[in-house]
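Student: Hi, could you walk me through this one?

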Amino acid sequence: MTTRLAATDDVARETPTHGSGELEGRLEQHRRELTGHAYRMLGSAFEAEDAVQETLLRAWRGLDRFEGRATLRSWLYRIATNVCLDMLTGNERRARPMDLAPARTADAPLGDALPEAAWILPIPDGRVLPESGDPAEVAESRETIRLAFVAALQHLPPRQRAVLILREVLRWKATEVAELLETTVASVNSALQRARSTLQAAHVTATDASQPMDDQQRGLLARYVDAFQRYDLESLTALLHQDATWSMPPYQLWLRTHRDIRRWCLGPGIGCKDSRLIPTVANGLPAFGQYKPAANGMGHEPWSLQVVEMSGDRIGGITFFLDTARFFPMFGLPPRLDP
């Protein structure tokens, strides 16, 4: 895994200096993996990018204190972890709608939109996953940015969260984590055991590796796109597990049964009829920019970023992130579709 400290490509044989012309490049080459680390800690692409900017700024300002005794990568991870811990000083945690309340029925009121800080937010794969590397390690990296995994991390206190990510995802040694957090190895090991128990209760682990989509799953995804764009709800729900989830942050309402999903789509959600889907990827999962017909009848306008979770030969859940003004530019999706 490119984030593992066992990598030796950047061992600080020679400390870069402000005037050497290489510092900015040396720092910038770690942006992607640092963003992944900050995203796992914070659960928000926007906060993760802010954290990485602050990390690189602190690194620039503190270069005189970097004496090459460790890798530049490990030094940056130390700074990034502390930046994230500084940002996680409150008791609030981000969540998915399923974490907040039971499933509702299609006739339930949508309710008020909750603030952005309430939700796990999506992130483009290209912001956090390595461009190349060992396929097994890339697959493991992909699994640790899945929505379910990041949501499970939110149940951990910030320092426990940091311990689990550093030990299980980044493969730091217990002694290295203890030094970073200014605590003991025994404390680190204890925190790791408690964190593992919490994740196991949520049926996720940090060491699962997601497999690339096979022909069966690609076919399933193609049938989903076809059914959604034709708005054939019978065909669409036939592709879902019986207990598949259907959620719409920033609203707390979420649905589970095929009956309620159909009723919602043919009732409050009827404006999605004749939508068009543009493929992208988010959180190691297939995703789509959804565009619904424009009110003036000319083309299609953004409606949601759909993130599709597949399990076996069916779809296990679809999350519709509705803040398209923020998400579509981040994912490189067009601002509208012309006729």
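Tutor: Happy to; we can go from the whole chain to a few individual residues.

Student: Great, what should I know about the model and the numbering before we start?

Tutor: This is a predicted model, where local features need pLDDT of at least 70, side-chain atom pairs count only at pLDDT 80 or more, and totals for chains, interfaces and linings use all residues. Residues are numbered from 1 along each chain as its sequence is written, and side-chain values use heavy atoms, with hydrogens and water left out.

Student: Thanks! How many helices and strands does the chain have?

Tutor: There are 15 helices and six strands in the chain. Helices (H or I, at least four residues) and strands (E, at least two) are DSSP runs, numbered from the N terminus.

Student: And how does the radius of gyration of the chain sit with the globule rule?

Tutor: The radius of gyration is 21 Å, close to the 20 Å from the globule rule for 339 residues, so the chain is as compact as a globular protein of that length. That radius is taken over C-alpha atoms, and the rule is 2.2 Å times the number of residues to the power 0.38. Along its principal axes, the C-alpha trace spans about 65 × 45 × 40 Å.

Student: What share of the residues counts as buried?

Tutor: Of the 339 residues, 50% count as buried. Buried means under 20% relative accessible area, exposed over 50%, and partly exposed in between (1.4 Å probe, protein chains only).

Student: Let's switch to helix packing. At what angle do the axes of H9 and H11 cross?

Tutor: Helix H9 (residues 158-169) and helix H11 (residues 185-201) have axes that cross at roughly 90° and come within 9 Å. That makes H9 roughly perpendicular to H11. Axes are lines fitted to C-alpha atoms, for helices over the stretch in contact, and angles run from 0 to 180 degrees between N-to-C directions. Angles under 35 degrees count as roughly parallel, over 145 as roughly antiparallel, 65 to 115 as roughly perpendicular and the rest as oblique.

Student: Which residues of H9 make the contact?

Tutor: On H9 they are Gln160, Val163, Leu164, Arg167 and Glu168, and their partners on H11 include Val188, Leu192 and Leu199. Contact means heavy atoms within 4.5 Å.

Student: What joins Pro249 and Pro250?

Tutor: A cis peptide bond, with omega about 20°. Pro250 is in the loop between strand E1 (240-247) and strand E2 (254-255).

Student: Last topic: what does Phe228 touch?

Tutor: Not counting residues up to four places away in sequence, Phe228 touches Leu236, Trp246, Ser275, Leu277, Gln290, Gln306 and Phe320. Phe228 lies in helix H12 (residues 215-230) and is buried, with a relative accessible area of 2%.

Student: And where does Ala38 lie?

Tutor: Ala38 is in helix H2 (residues 31-42), and at 1% relative accessibility Ala38 counts as buried. Leaving aside neighbours within four places in sequence, Ala38 has contacts with Gly43, Ala48, Ala51, Val52 and Cys84.
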